[in-house]
Structures are given as C-alpha cells and as structure tokens.
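Let's take a look around inside a protein together. Have the sequence and the 3D view ready, and turn the model as you read.

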Amino acid sequence: MKKLISFLFLYAFIISFGQVYQPIDTADYAQRKDFLKIFSVNAENLIKKSKTDYSGKKGNELSKYYKEFEKDFEGKVKEKDFVFNSVFDSKVKSLIERLKKNNPQIPQNLKILVAKDNTPNAYCFADGTFVINMGLFNWLNNDDQLAAVISHELGHKISEHTLKTLLSIIDQDQMDRTVVQSIKSTKENRNQRAFDVLKSRIYRKGAENRRQEMQADSLGYVVFKNSDFKKTEFINTLKRLEDFDTISPRTLKVETYKKYFNLPQQAFKDKWLKKEDFSLYNYNHFKEKLDKDSLKSHPEIVLRINNLKKIFPELKTDVADEKPSDSYKTLEKIARMETLPNFYHSEDYGVGIYASLQFLQDEEEEKYYKNWLGKCFAKIYEARKNYNLNRYLDRVDPKNQSESYQQFLNFMWNLSLDEIKNIADYYRTEKS
Ligand SMILES: [Zn+2]
C-alpha cells in the first residue's frame with residue numbers, strides 16, 4: 001500500500017511538472033512562529049546553563065556569544081531563509097530515524113530546518129537545531145550520501161565542537177589582547193608584527209578546524225556504519241563535496257548569449273562580449289601574502305579521506321556511487337528547480353542570471369528559466385539605476401574566476417541601463 005501511495009505521489013509529481021514548476025511557498029507564518037517560540041526557550045536554557053557551567057568572565061563571554069547567535073539566527077528565520085514542513089523534512093527525519101536505530105548516542109532533541117541555500121552544507125547548533133541546506137539534495141547522489149553528511153554533523157554535535165570552539169575563541173581573545181598591548185608599546189615593525197598576529201590566528205584556527213573535521217568524520221562514520229547504509233558511500237560523499245563550486249563550472253557558449261540576447265526590439269551587439277584588460281591590474285598585496293600559505297579548503301578533503309581510509313580499512317577500496325532511490329530522485333529534481341528561487345531569495349541576481357543561462361543552454365525547462373532570467377534582470381536594472389549594482393553583480397577577478405564566468409561578468413557590465421531594461425521587459429512579458 002505504501003508503495004502504491006508513493007507511486008501515485010511520484011506520478012502526480014511528474015504530471016504537475018508538465019506545467020511550469022511552482023517554487024516552494026515560504027509564507028508559512030504559523031510554523032515559523034511556532035519554531036521561534038521553541039527556539040528562544042532552548043536558547044535561553046543554553047545561556048543559563050553556560051553561566052552555571054562556567055563561572056565568571058568565561059561564562060559571561062560564552063552567554064554573550066550564544067545571545068548574539070540567537071539574535072542572528074532569529075533574524076534569518078524571520079527573513080524566510082528556511083522552509084518548514086517541505087518534502088525535504090520527511091526525508092531527513094526518516095534518515096535520522098534509520099541512524100538512531102543502533103546509535104543511542106544520537107541526541108533525541110534534534111530540530112530539523114531546511115535552508116534555502118544552494119551550497120551543499122549542513123550544521124548542527126549547540127541547542128540541537130540541525131540545519132540542512134537544500135543544495136545537499138541537488139548535489140549529493142543518494143540517500144546514503146545525505147545520511148553521511150548528517151552523521152558527520154552528529155559527530156560534531158556528540159563531541160560538542162561548537163562549545164569547544166567558542167571556549168578557545170574566548171581564550172584566544174584574551175591572549176591577543178596581551179600581544180596587541182605589547183605591539184603598541186614598540187615602534188619597530190609594527191605592521192609586520194600585527195600581520196603576524198592575524199596570520200597565526202587564522203592558521204591556528206585552520207589547524208583546529210582540521211582536527212575537528214577529522215574527529216567528526218571518524219565519529220560520524222562510526223554512527224553511519226552502525227546503521228544499514230552502504231559504508232563506502234561515506235567516502236563518495238566527501239569526494240562529491242570536494243567537486244563543488246558555488247558557481248557551476250559549465251561553460252557558457254557565445255551562441256547562448258546570441259540566442260537569448262538577440263531580441264526583436266534589440267539586436268545583439270558583439271561589443272557586449274568585449275573583455276576588460278586586466279594586465280595592468282595591481283593585486284592586493286595583503287591578500288597575496290595570505291594566499292601563498294594557502295587557506296584553500298579543498299586539499300583538506302583529500303587529507304580527510306586519507307585519514308578515514310587509514311583508520312577504517314574497509315574504506316580502502318573505492319566503489320562507485322549507489323543508484324538513487326525514486327524518492328531521492330524526486331527531491332533532487334525539486335532542489336534543482338529551487339536553485340533559482342534560492343539565488344533570488346539571497347539577492348544573488350548576477351549568479352542567478354548566469355545559472356539560468358546555463359540551464360537554458362542545456363535546454364532544461366525553458367519557460368521556467370526564461371521567467372527567472374526576466375526576474376533577475378529586473379532586479380539588476382533597479383540596482384543599476386540606483387548605483388548599487390556592485391551589491392548584486394561580482395566584479396571581474398581573473399585570478400579567482402573561470403574564463404566563462406569572467407566573460408559573463410564583462411557582458412553584464414558592458415550593458416547600458418536601457419539595454420538591461422529592454423532585456424528585463426522582454427523576458428518578464430515573454431509568453432512563449
Ligand atoms: Zn564538519
């Protein structure tokens with residue numbers, strides 16, 4: 001019977017896709033209100049507890065951090081950064097139930113929130129609030145991989161990493177204050193010494209992060225392997241996450257620009273694709289100094305994979321990804337369709353246009369993405385008119401962007417105000 005129902009659901013879903021997809025409704029006022037009520041009670045308890053667990057200054061500082069966090073997070077909930085009771089929730093809940101079966105160490109009081117965020121990420125707060133980004137459903141390949149990410153986060157939660165990080169920040173602040181005092185009292189090499197303090201702080205944090213990540217991996221993997229998921233998917237998950245880039249690397253072809261911007265009332269102009277000359281551009285000295293020592297996180301994942309393979313011999317041999325279940329495929333498709341609503345929600349209009357063009361180039365849901373193209377262009381037009389386009393559209397940065405994305409940014413910055421308006425109007429009213 002259950003199978004029949006899920007089949008019917010899938011069928012209804014496919015049929016509804018025949019029409020243009022309707023993004024998830026975020027006008028869930030009552031649910032948001034309920035969540036905030038519980039959240040603030042839990043946060044207050046946490047603040048009280050930190051004051052009794054840690055006396056004096058430490059307890060005060062700790063509760064200050066929690067209070068700040070509570071305010072910040074409440075703001076995000078009010079801004080509708082999360083969706084409530086969506087199709088994603090029941091999947092996450094069912095995976096957590098599967099994990100709980102042989103793992104009594106998993107906390108009972110977890111509260112799941114799904115974030116309107118395209119980056120494949122999750123986090124778990126000290127109070128048991130567990131945030132899962134929608135991007136995970138789009139980027140990961142199956143239930144097992146999603147369960148692997150959840151297990152990793154539970155690893156952080158079980159070892160209380162948030163609390164430990166906060167406590168070390170409090171200690172570090174104290175130490176830095178002493179060092180800054182001594183810098184102020186000397187005249188020699190002040191800048192260099194100030195920079196060294198900053199740098200050592202960043203790297204110490206980096207090393208600490210790495211240690212915590214590896215601990216969460218191995219604890220998370222133990223949780224994962226105690227349940228009935230396919231063990232090797234834990235490694236596949238890390239590999240998959242390593243490949244992620246905020247801006248999809250799919251190259252946008254010149255023909256695509258010509259196809260979508262050669263309009264009846266406004267012919268395509270080749271000069272729109274002209275690139276700025278950056279050969280004389282002087283790079284930020286400070287930034288380069290930091291880059292040399294590399295703050296990049298990608299090599300970290302390779303270290304994490306090797307660490308797991310060393311501790312758990314059953315992970316040594318690489319195995320291909322499992323095929324997704326039908327229910328996972330459905331969620332994957334919804335998350336993919338939510339990519340543009342999410343970019344629009346976070347006001348990433350430039351990236352939104354770029355992503356729409358990539359989808360259109362791949363001939364996906366043409367009507368839907370043309371509509372988003374129009375919506376994002378309308379916002380870009382407003383911004384350009386108000387002289388704050390910088391807020392919504394990246395500047396060209398040859399060192400950190402792909403050729404294709406640089407070409408796109410050049411195109412966007414080359415358009416005149418009127419030209420932007422014409423594009424926006426055309427795609428906002430287009431009915432085909
Ligand atoms: Zn982590």
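What follows is a short tour of a sheet, a pocket and a cavity. Keep in mind that this is a predicted model.

**The sheet**

Strands of a sheet pair through backbone hydrogen bonds, and they can do so in a parallel or an antiparallel way. Now look at strand S2 (residues 111–115) and strand S4 (residues 129–133): they run parallel, and 5 bridges join them. For one example, pick Leu 113, whose bridge partner in S4 is Val 131.

**The empty spaces**

Rolling a probe the size of a water molecule over the atoms shows where empty space is left. Two such spaces are set side by side here:

| Space | Volume | Helix that gives the most to the lining |
|---|---|---|
| Second largest pocket | about 630 Å³ | H14, with 3 residues |
| Largest cavity | about 40 Å³ | H2, with 4 residues |

Start with the pocket. Its lining is made of 31 residues, and those that lie nearest the centre are Thr 119, Thr 246, Ile 247, Phe 343 and Val 351. By type, the lining residues split into 10 nonpolar, 12 polar and 9 charged.

Where does the second largest pocket lie relative to domain 1 and domain 2? Both domain 1 (21–230) and domain 2 (254–282 + 338–429) give residues to the lining, so the pocket lies between them.

How many cavities of 30 Å³ or more does the structure hold? The count is 1. The largest cavity is lined by Phe 39, Ala 43, Leu 46, Ile 47, Tyr 66, Phe 69, Glu 70 and Asp 127. Helix H2 (29–53) and helix H3 (56–78) each supply at least two residues of that lining. As for type, 6 of the lining residues are nonpolar, none are polar and 2 are charged.

How values were computed: Residues numbered from 1 in each chain as written. Predicted model: local features only at pLDDT ≥ 70, side-chain atom pairs only at ≥ 80, totals over all residues. Heavy atoms only, no water. Pairing = 2+ DSSP bridges. 1 Å grid on protein atoms, 1.4 Å probe; cavity = no way out; pocket = protein on both sides within 12 Å on 5 of 7 lines; lining within 4 Å. Points joined across faces, edges and corners; volume = space filled by probe spheres on them. Nonpolar A, V, L, I, M, F, W, Y, C, P; charged D, E, K, R; others polar. Domains from an automatic or database assignment.
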